[in-house]
Amino acid sequence: MRWSKAYIPTVKEDPADAEVVSHKLMVRAGMMKKVGAGIYTLLPLGLVVTRKVEQIVREEMNRIGALEVFMPVLSPAELWKETGRWDVYGEELMRLKDRHKRDFVLGPTHEEVVTDLVRGPVRSYRQLPLTLYQIQTKFRDEIRPRFGVMRGREFIMKDAYSFNRDDACLDRTYKDMHGAYEAVFRRCGLAFRPVLADSGAIGGDVTHEFMVLAQTGESRVISCPNDECAYAATDETAESIIENTAATQEPRPLAKTHTPDMKTVEEVCSFLKVEPRNLVKTILYQADGEVIGALTRGDREISEPKLRRALRADVLSMADPDTVRTLTGAEVGFAGPVGLKGVKLVADKTVTSMVNCITGANKTDYHLTNVNYKRDFSGDLVGDITVVAAGDKCIRCGATLTEYRGIEVGQIFKLGRKYSVAMKATFIDEQGNETPFTMGCYGIGITRTVAAAIEQNHDGNGIIWPPSLAPYQVLVTPVAVSDEATMSVAESVYSGLCAKGVEVLLDDRDERPGVKFKDADLIGIPLRVTIGSRGLKQGTVEARIRRTGATHDVPVENAVEEIMRLLSEVY
């Protein structure tokens, strides 16, 4: 490809709305252009990289026996109502009506559609396991689209669905898919780690996220440094041993204290001169229509995924201020468990051993001191509902947990029979019984993987593509296109590499060398071959490796062979 015939509209300045490196560089490198909030057009350079990720994914899916299909983006609301997800999925579900006022969904995922596809035609256990996958555009009505294609309203995803005879069959498929995902991300040249995660609106009891390690990642991952243990999970899903200070004091009499305008943990603790760990937070939620009060230590946050699982709730949301005022008789910020009526209390396990703690008094501008569990209040339900932090102890081996940041690029789920039972999708088992399918689902964010690769592979000058994802393998850069000798060698190297099947971009623009070199670093091609009059006088051209900056003087007479040798080292 000749640059003059390509469409690579590079940009000098970062886009004003870009917060992360991948967003900045994908726009600046001419890979994509914004259409609207969270909506982007992939330009030729961006599409080439995206297709390379797709091909890697497709090869690994095919390798484990998954079969490719292509389901519609648009699906009728009736399918989503069969499973209850029409109501459960929430406002992120992109809904629309056709001209007949019938409800439809632009799919964020396809569990309902694929289950409908299989129920009926797949009737015998002999047809199982069956895994179907597709690579397709998905939609999500993000409340705050950001980070370019990492959190957009429209994105490309690989989603796969397995139909299995039973749990043992699902376990085998899940293991195969786990291995395939590891192969995909290794081939993409990424440093990654699978971690235990929350299933969210997808459902299921077991799920792993695949995290690309990057400081700009949205996700916090808690991990055990003990290699033999290797425990790792998202911070909201992770379990840990949280040590409470041993209670050495006797319970003191309950007291009410005036705390004017002190609503936050920080304000209350500063005013009363206590540590946040001595305060119990009470946060009101609505869980499937029931109001509950979640209790945790003041220096901790509520894990909503854990809370939702503890309650076995489909829909969990923060209670609105009016509900808080009605139930507590106080403004937001002064809720507490003592004497709170009509609210189910869910206490984190750390709360049960606290002595003489501080809580809201259910009265505006007041808090209670010397509150004690059992004596003054009790949880209707006690469990682990707290976000884990670095420094906690590993639940498996007791080592001190560490934290790093990651970008989720894939997730796999054991769904069980959630969808097959709801949609009456069954097969005839070996005993002749009508049995619901045991299902799994497996997603990879294709465009997210492109962005994650950039987050992990860049420097101050631009992108440094992993070789397997690079839009071109070699960039041939003649310094002066007006010089006949320079262009003759450039054309010879270009055509020679093309003849050997190398993906080559020839920068035949009539631009200053500085502009060409800056653009070359920006778009990140692994190997740049520079042809200039100074080198040609010595009978050489310069080959520069983008990742290391190492340069090699290559003789003109066997330039193609030497470049091929360097390429084999890079790849």
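**Close-up views of a predicted model**

**View 1. Helix H1, tucked in.** Six of the eight residues of helix H1 (residues 21–28) are buried, so the rest of the structure largely encloses this helix. Here buried means under 20% relative accessible area (1.4 Å probe, protein chains only), and helices (H or I, at least four residues) and strands (E, at least two) are DSSP runs, numbered from the N terminus. This is a predicted model, where local features need pLDDT of at least 70, side-chain atom pairs count only at pLDDT 80 or more, and totals for chains, interfaces and linings use all residues. Residues are numbered from 1 along each chain as its sequence is written, and side-chain values use heavy atoms, with hydrogens and water left out. The buried H1 residues are Ser22, His23, Leu25, Met26, Val27 and Arg28. After H1 comes Gly30, with a positive phi near 70°.

**View 2. The largest nonpolar core.** A nonpolar core is a set of buried Ala, Val, Leu, Ile, Met, Phe, Trp, Tyr and Cys residues joined through side-chain atoms within 4.5 Å. The largest one has 59 residues, and Met31, Tyr181, Phe185 and Trp465 have the most contacts inside it. Helix H6 (residues 167–187) gives the largest share, seven residues.

**View 3. An open sheet of five strands.** The order is E17-E15-E16-E18-E21, with mixed pairing; two strands pair if DSSP finds at least two bridges between them. At the edges sit E17 (316–318) and E21 (381–383), each pairing on one side only. Strand E15 (residues 280–287) runs antiparallel to E17, joined by three bridges. Look for Tyr285, whose bridge partner in E17 is Met318.

Definitions and conventions:
Buried means under 20% relative accessible area, exposed over 50%, partly exposed in between (1.4 Å probe, protein chains only).
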